[in-house]
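Have a look at the model first.

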Amino acid sequence: MAVPTDLPGLIGYALAASLPVVVLGALLMRCLRNRAMTTSMAVLVLIPTVATLCGVVAVSGLMFTDEFEKFAVVLGVVTAVTVPAAILLGRAQARTTVWEREMLEQERAAEKSRRELVAWVSHDLRTPLAGIRAMGEALADGVVAQTADVERYANQIVRETNRLSTMVDDLFEMSKINSGALRLTLEPVDLRELIDEVLAANQPTARRAGVTLTARQPEHRILVAGSDHALSRVLTNLVANAIAHTPPGGRIDISTGVDGGYAWARVEDTGPGIAPTDLPRIFEVAYRGTSARSPSADDLGSSSGMGLAIAAGLVEAHHGDISAENREHGARFQVRLPLLADAK
C-alpha cells in the first residue's frame with residue numbers, strides 16, 4: 001500500500017482514518033447520554049485513543065514494523081491507565097453533580113417555603129392583631145362600658161393574645177428546625193407512656209369537640225432514643241390536627257407497635273380525609289390544603305398552621321419518618337422511629 005510522504009497527504013490519510021472513529025464515538029455517546037456518567041467518561045477517553053491508533057495504522061500503510069509495535073505498546077499502556085482513571089473521575093463527577101442538583105433543589109424548595117411562610121405570617125398574624133386593636137380601642141374609647149361586655153372583650157383579647165403567642169412560639173421552633181439549630185437530648189423513651197400522657201392531655205379538647213379519643217397499646221415496652229418533650233409535641237400536634245378535622249360523633253384512635261427494627265405510632269381519625277392534591281404537601285410549613293380551616297375565635301385551639309411541619313421536623317431530628325395516607329373512612333398519620341438496640 002503506497003503511503004504519501006508529503007505533509008498534506010499524511011494529514012489526509014490521518015483524517016480519513018480518524019474521523020469515522022470520532023463520528024462513531026459521538027453517536028455512541030449520544031446513545032449513552034442517559035446511562036451512567038462513568039460509562040460516558042470511559043467512551044470519551046477511548047475515542048481519541050482509538051482514533052490515534054487508526055490514524056497511525058493508516059499512515060504506516062498497514063506495515064506493522066518494530067516502531068509500530070513500540071507505539072502500540074505505549075498506546076496500550078496509556079489506555080490501561082487513562083480508562084480506569086476516567087471511570088473513577090466520572091464516578092466522582094457524577095456524585096458531585098447529583099449532590100449539586102439535590103442542593104439546588106433543596107435551596108429552591110426552601111426559598112419557596114420561605115416565601116409562603118412570609119405570605120402566611122402577613123395574613124394570619126394580621127387578623128388577630130386587627131381584632132385585638134379594634135377591641136382595645138373600643139375599651140379605651142368607652143364604646144364598651146357594660147361590665148359583661150368589658151369582660152367578654154377582655155376574654156377575647158386574652159384568647160387572641162394566646163393565639164399570637166402560640167404562633168410566635170411555633171415560628172421560633174420552625175426556625176430552629178430549618179436552620180439546623182435544634183439540639184435534642186436523646187434518652188430512652190417508652191412510646192406507651194408518651195401516648196398515655198398525650199391521651200390524658202387531649203381528652204378535654206376531644207370531649208368539647210364531641211369526638212371519642214382512645215388508645216390501643218401492647219403490653220410490652222416500646223423503647224426509642226428520643227426527647228420526651230419533642231416526641232410528645234409530635235403526637236400532640238397529630239392528635240390536635242385529627243380533632244380539628246373530625247366532625248362531632250367521630251373517633252380518633254392512637255396506637256403503637258413494632259415493625260422490624262422500628263417502632264411506630266399512628267393517629268387515625270374518621271374525618272373527611274385528605275385531598276389527594278394535598279397529600280404531597282401536607283407537612284410543608286403553613287400549608288393548610290384546600291379543605292383546611294382558617295383559625296377563628298371559635299376554633300378548638302390556637303392553631304398556627306405549622307403543627308404538621310413542626311412534627312415532621314422533630315421526627316426527622318430523631319432519624320425517623322412521618323407519613324400520611326387516607327383510609328376508607330378518614331386519615332392515618334404514622335410516625336416511625338428506630339428502636340433502641342436493647343429493645344429489638
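A residue counts as buried here when its relative accessible area is under 20%. By that rule D190 and R192 are both buried, and the two form a salt bridge with their closest N and O atoms 3.3 Å apart. Keep in mind that this is a predicted model.

Now for the nonpolar inside. In soluble globular proteins, nonpolar side chains tend to be buried together. In this model the largest nonpolar core has 46 residues, and L238 and F333 have the most contacts inside it. The largest share, 8 residues, comes from α7. Setting aside its neighbours within four places in sequence, L238 touches V267, L308, I322, F333 and V335.

Back to charges: side chains of opposite charge can pair when their charged atoms come close. The count here is 10 salt bridges. Helix α5 holds the pair E160 and R163, 3 residues apart, or about one turn of the helix. Both E160 and R163 are buried, and their closest N and O atoms are 3.5 Å apart. D149 and R152 also sit 3 residues apart in α5, joined by a salt bridge at 3.6 Å. This time D149 is partly exposed, because its relative accessibility is 29%, and R152 is partly exposed at 49%. Elsewhere, R216, E268, E325, R327 and R332 are linked in a salt-bridge network.

Finally, the surface: L7, I11, L15 and L19 make a nonpolar patch of about 390 Å². I11 lies in helix α1.

Terms used
Residues numbered from 1 in each chain as written. Predicted model: local features only at pLDDT ≥ 70, side-chain atom pairs only at ≥ 80, totals over all residues. Heavy atoms only, no water. Patch = residues over 30% accessible without salt bridge, like charges linked within 9 Å, V, L, I, M, F, W, Y side chains within 5 Å. Areas by Shrake-Rupley, 256 points an atom, 1.4 Å probe, with all protein chains shown as cover. Salt bridge = Lys/Arg side-chain N within 4 Å of Asp/Glu carboxyl O. Helix = DSSP H or I, 4+ residues; strand = E, 2+ residues; numbered from the N terminus. Core = buried A, V, L, I, M, F, W, Y, C linked by side-chain atoms within 4.5 Å. Buried < 20%, exposed > 50% of the residue type's maximum accessible area, 1.4 Å probe, protein only. Contact = heavy atoms within 4.5 Å.
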